[in-house]
Amino acid sequence: MQATVKTVKAEAEESCDTLTKMKMHADLEIRKLQSDVGQMISAFKNLTQFQNNMSKLLEHDLRSSMVGAILQKTGSIKSRTQDLKEIRRKIFALKCQIPSSLYKQSSRVLLSITESLADEDIVEISETGIICLPAGLHVAEEFEKSSAFEEVVEKFQGLDDFTQKLCLLSFAVFPENREVTRTMLMYWWIGEGFISCDDFENSVKRILDAFSAKKLLEPVEDERKLLPNSYKMEPHVHSAVIYLAKEMDLFASHNGKLIMKKSSKKKVCLVKDSSLLREAKTSAMKPGTLQTVFNSSERFPDFTFKWFPLMDSLRVLYLGRWERTDERHIEVKNTEFLKNIKSLKKLWLASFKGISGIEKIENSVCALQNLVILDLRACYDLQVLPNDIGSLENLIYLDVSKCLIDRMPNGFERLSRLEVLKGFVISQSDDEDNCAFKHLVKLRKLSITIKNNRFKAENLIESLRDLMRLESLTIAWRARFPVDDRRGEETKEAEEYGETTNEEKENQNKRWIRMLENPAIDDISKLPSSLKKLKLEAYPGKYPPSWLNPKNLYNLEKLSIEGGNLSRISDEPPTEENSFGVQILRLKYLHEFMVEWRDLQALFPNMILLEKYQCPKVTFCPTNGNGVWKRSQPQMVIESKGSSLVRPQKKTDRGKARKCWCL
């Protein structure tokens with residue numbers, strides 16, 4: 001009897017639990033349903049608001065009085081045509097904002113209208129530009145008759161020269177509305193020969209500015225930057241560019257999508273799953289005449305390695321990642337292919353950016369005597385560079401940042417043409433008095449990673465003194481103590497990390513006093529006066545080093561300090577002579593750095609942008625929610641001997657001892 005009662009009780013409890021779970025599931029479904037309905041209601045409200053805004057803009061841009069006034073103009077037909085084209089452009093810009101799903105009904109309505117018209121009427125409608133196709137329809141036969149296409153073609157034909165046209169058409173390999181960096185474009189265009197190696201940075205900027213002025217490209221705005229460094233292309237422009245690139249057979253495409261097929265211009269793009277295609281075979285591709293191999297979306301480009309022995313005409317080998325982010329994973333199984341890369345005698349650009357699986361660069365790369373750009377950035381498995389790297393005598397760009405390299409090979413001093421060197425490593429075995437980069441007098445950009453915890457910063461700065469063309473410098477400290485060597489003594493720790501000890505700080509102060517008393521004395525710790533951009537990462541010292549002296553950095557425009565133990569930036573009171581000319585200041589992850597906003601303004605009177613992140617002791621700064629402050633108006637200063645407001649010059653005259661306070 002008791003067993004029966006227990007059984008009934010257990011069944012009742014189980015039934016109760018089942019009912020409870022069912023009720024919970026039912027409640028969950030109800031909440032999901034309520035959420036879906038709420039989202040739909042919100043979407044309908046947004047759609048109604050969108051419709052109202054569009055109607056207002058449409059009424060403003062297409063007023064009957066405006067159109068009537070244009071049609072009644074007594075001037076030239078050309079003037080009226082230009083006015084009508086401008087209206088069409090505005091209407092098309094509004095049309096591009098309509099969700100693409102709404103075009104399905106519009107297409108059926110358009111079809112019913114055109115079915116009732118004669119052929120000549122349809123042609124007339126197309127020629128007047130009334131039929132405007134939505135973005136992405138570059139494969140449609142009517143696209144070349146649309147106003148969008150005509151406008152892009154007109155701007156395309158108005159470009160200054162054929163080189164600019166090729167540069168614009170190169171955007172066909174990127175998806176629409178995807179950000180592309182200026183540096184990546186510069187690498188590619190140098191490799192193609194579109195721009196020369198002389199004044200290349202200004203050349204690429206002029207080209208991109210011309211595209212932006214014609215609304216062919218859209219600069220990507222970033223509140224943390226004063227000038228854009230990446231660009232994207234709107235869908236309707238991108239559609240026209242794909243169409244034009246196909247017509248010129250610059251890159252092969254089918255139904256508006258890139259395909260891996262050699263074009264008549266001897267270029268091929270790698271697309272997703274290219275390795276499975278017939279063209280991946282050497283016999284089908286016939287790579288002997290190829291001049292460009294560009295990886296647009298392939299994740300496993302190993303199959304191209306079989307082409308290497310035959311590609312003696314190749315100029316551009318871009319197998320790495322062109323995207324700004326690392327969402328696309330690219331991987332190779334081994335680096336045996338690099339043994340055959342020596343066959344690419346005419347290669348100018350080799351990019352393996354972001355490719356996993358590359359642990360070592362073989363010496364065969366050093367046989368590429370024409371190589372100008374070697375991009376190995378973010379090859380996270382890369383540990384060893386070739387011993388004969390000094391043989392690349394024409395190399396101008398070398399990027400090995402974000403790799404696992406522990407030491408640099410000998411021979412860097414022979415790279416006499418090198419202008420950009422990123423990722424140079426100072427290891428435990430390196431000589432403090434003989435840094436290889438000190439001989440590279442053409443360097444303009446240099447980034448250094450210090451992995452030697454005994455390497456003093458003053459010795460590094462001394463090695464930089466003769467680099468009179470250096471404009472951008474990044475120094476990152478990555479040295480760490482062994483676990484069993486933590487003495488805990490302040491002096492020992494300061495010596496290990498290169499931090500200024502109390503004795504050194506006293507000597508430093510004495511040296512500063514001697515310099516003030518006798519200006520003829522030259523401080524040995526001095527950065528090149530040509531420096532415009534300086535970035536310090538994880539600086540281990542607590543006190544500001546003597547080489548961070550505003551008197552010697554009068555051309556410095558950008559200063560960034562990220563991480564480390566620095567407590568302040570200067571031991572001198574802010575005066576006209578002892579203030580930085582920096583316009584852009586970035587402070588990040590500085591938990592010991594202590595300064596108030598008014599003192600920061602006094603130290604940086606020309607500052608127009610401040611970015612501050614996780615700096616709890618940098619106080620009273622009027623930054624926004626993203627930690628960014630921008631000067632909204634031109635800087636104004638008051639002279640101590642007058643009451644009039646004057647604008648400061650871009651380069652302050654440091655020779656005049658004149659006090660100046662920032663409003």
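A: Lys588 and Glu562 are both buried. In this predicted model, their side chains meet in a salt bridge, with a distance of 4.0 Å from N to O. Lys588 belongs to strand 19 (residues 584-588) and Glu562 to strand 18 (residues 558-564), so the pair ties together parts that are 26 residues apart in sequence. The pair is also part of one network, in which salt bridges that share partners join Arg478, Lys535, Glu537, Glu562, Arg586, Lys588 and Glu611. In general, side chains of opposite charge can pair when their charged atoms come close. A search of the whole structure finds 20 salt bridges.

Another of these pairs is formed by the side chains of Arg444 and Glu201, at 3.5 Å from N to O. Glu201, with a relative accessible area of 26%, is partly exposed.

A further salt bridge joins Arg206 to Asp199, where the closest N and O atoms are 3.8 Å apart. Asp199 has a relative accessible area of 42% and is therefore partly exposed.

The account now turns to helix 9 and its neighbour. Helix 9 spans residues 200-213 and helix 8 spans residues 182-192; their axes come within 10 Å and cross at roughly 110 degrees. Helix 8 is therefore roughly perpendicular to helix 9, since angles of 65 to 115 degrees fall in that class. The crossing in which helix 8 passes helix 9 is right-handed.

Helix 8 is largely enclosed by the rest of the structure, because nine of its eleven residues are buried. These buried residues are Met184, Leu185, Met186, Tyr187, Trp188, Trp189, Ile190, Gly191 and Glu192. Gly193 follows helix 8 and has a positive phi, near 85 degrees.

Leu33, Val37 and Ile41 form a nonpolar patch on the surface, and together they have about 260 Å² of accessible area. Leu33 is found in helix 1 (residues 2-61). Leu33 counts as exposed because its relative accessibility is 55%, over the 50% limit for that class.

Note on methods. Residues are numbered from 1 along each chain as its sequence is written. This is a predicted model: local features need pLDDT of at least 70, side-chain atom pairs count only at pLDDT 80 or more; totals for chains, interfaces and linings use all residues. Side-chain values use heavy atoms; hydrogens and water are left out. Patches are made of residues with over 30% relative accessible area and no salt bridge: like charges are joined within 9 Å, nonpolar side chains (Val, Leu, Ile, Met, Phe, Trp, Tyr) within 5 Å. Accessible areas come from the Shrake-Rupley method with a 1.4 Å probe; for residues, only the protein chains shown count as cover. Helices (H or I, at least four residues) and strands (E, at least two) are DSSP runs, numbered from the N terminus. Buried means under 20% relative accessible area, exposed over 50%, partly exposed in between (1.4 Å probe, protein chains only). Axes are lines fitted to C-alpha atoms, for helices over the stretch in contact, and angles run from 0 to 180 degrees between N-to-C directions. Angles under 35 degrees count as roughly parallel, over 145 as roughly antiparallel, 65 to 115 as roughly perpendicular and the rest as oblique. A crossing is left-handed if the near helix is turned anticlockwise from the far one by less than a right angle, and right-handed if clockwise.
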